[in-house]
Amino acid sequence: MIQTFRDAWKIPEIRKKLLFTLFMLVVFRFGSHIPVPFMDRAAIAQIFSQQEGGILSFLDLMSGGNFGHFSIFATSIYPYITASIVLQLLTIAIPSLEALSKEGETGRKKIAKYTRYLAVVLAAVQAIGYTYGFYRKAVNTSNPFQDVVIILSVVAGSTFLIWIGEMITEKGIGNGISLLIFAGIVARFPADIWASIRLASIGRVSWAWVAVFAVLAIGIVVLVVALNEGQRRVPVQYAKRVVGRKMYGGQSTHIPIKVLMSGVMPIIFAQTIMSIPSIIVMFQGPNSEAAKFMTKWFTPAGDIGVFIYSIFMILLIVFFTFFYTAIQFNTVEYSKNLQQNGGFIPGIRPGKKTSDYLQSVVNRLVFPGAIALAFLSVLPTILEKITKLHFSFGGTSLIIVVGVIMETARVLEQQLMMRHYKGFLK
């Protein structure tokens, strides 16, 4: 993987994309330190410290640390992710959107435009809830115009992140949305590592538990790499045909069906859905009965909530793994394309039989992969509750980091192969 980055750096075109991606991530991190105007910094810090381990900490983890000090990126990229989930589900339910999705590039651009509009609306709703719900005691305004400036600052920050993500995807390397979440998670690593070492040094937690988490982190990395690289190769044979005096076809190839085609997107989607109840109760403030109920029953901060949260996370990760795989790998269309090009799977009749066979292979691969991914994501969360250690790089965050690094390396490898460079896949 390191060799892939070295080879990519030697190519001017790819180097420009890497530098552009890095520059955008630096802009994101600088923006994370720009405070929202007309908000009392000391009051925000006091409110957050009083609710440490509650809903506020959960939302801060989701936003990559931006929610804790209420920067212009407080809502992070999650309004866009939520809007994307809603539009994808509506595409299945509404025939007009389904027809639009099949119109090729034009249809995808229209759906992307609708997603942005919905994301701005959701960002505005979250901004109002954050400002006049959880942080209403920190609002330091004297007229309605200043209130509007607060909301517009947060909405503008979220919209700017959407633009950064799309620019990275278009002109940089990798998936821009995933890279922004990756940057927010990685930025918290040093502080969390130091906090864990400090807790162990003063005797608040056992060094043995710190060692257990270190071993668990290494194990998660190894298993995530194995899940991302695992695949089944379905053999495909192309029939021979004569065109004029030449014979075409007859070669053998294979269809690589990966264990996790969806990558880390199911975890990102599941995290987004699980944050919705917390966002709803934020309108009533962190000390309200609704917030206390939500903290106890539906967030990792609650003694019972950590288990309910984990169960829902497992179910959502499994669901979104199948959902995202179905979008990426349409077995019916794949079967039609094989048949039109004279290809067939040995022992399987072309057409519906091929489609059913591919679907069964996908299901047998995706289900155990989704279950493994789900349990890897929630196990550290449960251990954190038991041991009182708090790692932002535990569970879902670590899986996202590893998955994004591998996805980015894979994109670089494809870029190198297109230019006849030999990468690390031999």
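**Entry 1: the whole chain.** I began with contacts (heavy atoms within 4.5 Å) and noted that, of those with a separation of 6 or more, 75% are between residues 24 or more positions apart. The model is a predicted one, in which local features need pLDDT of at least 70 and side-chain atom pairs count only at pLDDT 80 or more, while totals for chains, interfaces and linings use all residues. Residues are numbered from 1 along each chain as its sequence is written, and side-chain values use heavy atoms, with hydrogens and water left out.

I found 17 helices and five strands in the protein, taken as DSSP runs numbered from the N terminus (helices H or I, at least four residues; strands E, at least two). Of the 426 residues, 49% are buried; here buried means under 20% relative accessible area, exposed over 50%, and partly exposed in between, with a 1.4 Å probe and protein chains only. The protein exposes about 21,300 Å², of which carbon and sulfur atoms supply 65% (Shrake-Rupley method, 1.4 Å probe; for residues, only the protein chains shown count as cover).

**Entry 2: helix α2.** I looked up α2, residues 12-31, whose 20 residues reach 28 Å from first C-alpha to last, close to the 28 Å expected at 1.5 Å a residue (the expected span being 1.5 Å times one less than the number of residues). Its buried residues are Ile 14, Leu 18, Thr 21, Met 24, Leu 25, Phe 28 and Gly 31. They lie on the same side of α2 because they cover an arc of only 155° around the axis, the arc being that of the directions from the helix axis to the C-beta atoms. Among the elements covering them I listed α1, α8, α9 and α17, whereas Lys 16, Leu 22, Phe 23 and Phe 30 are exposed on the other side.

**Entry 3: a surface patch.** I noted a nonpolar patch formed by Trp 9, Leu 19, Leu 22, Val 26 and Phe 30, with about 520 Å² of accessible area together. For such a patch, nonpolar side chains (Val, Leu, Ile, Met, Phe, Trp, Tyr) are joined within 5 Å, and each residue has over 30% relative accessible area and no salt bridge (a side-chain nitrogen of Lys or Arg within 4 Å of a carboxyl oxygen of Asp or Glu). Helix α2 gives the most, with four residues; Trp 9 sits in α1 and counts as partly exposed because its relative accessibility is 43%.

**Entry 4: Thr 131.** I placed Thr 131 in helix α7, where it counts as buried because its relative accessibility is 0%. Leaving aside neighbours within four places in sequence, Thr 131 is in contact with Met 39, Phe 70, Arg 136, Val 139, Ile 150 and Ile 151.

Key
Patches are made of residues with over 30% relative accessible area and no salt bridge: like charges are joined within 9 Å, nonpolar side chains (Val, Leu, Ile, Met, Phe, Trp, Tyr) within 5 Å.
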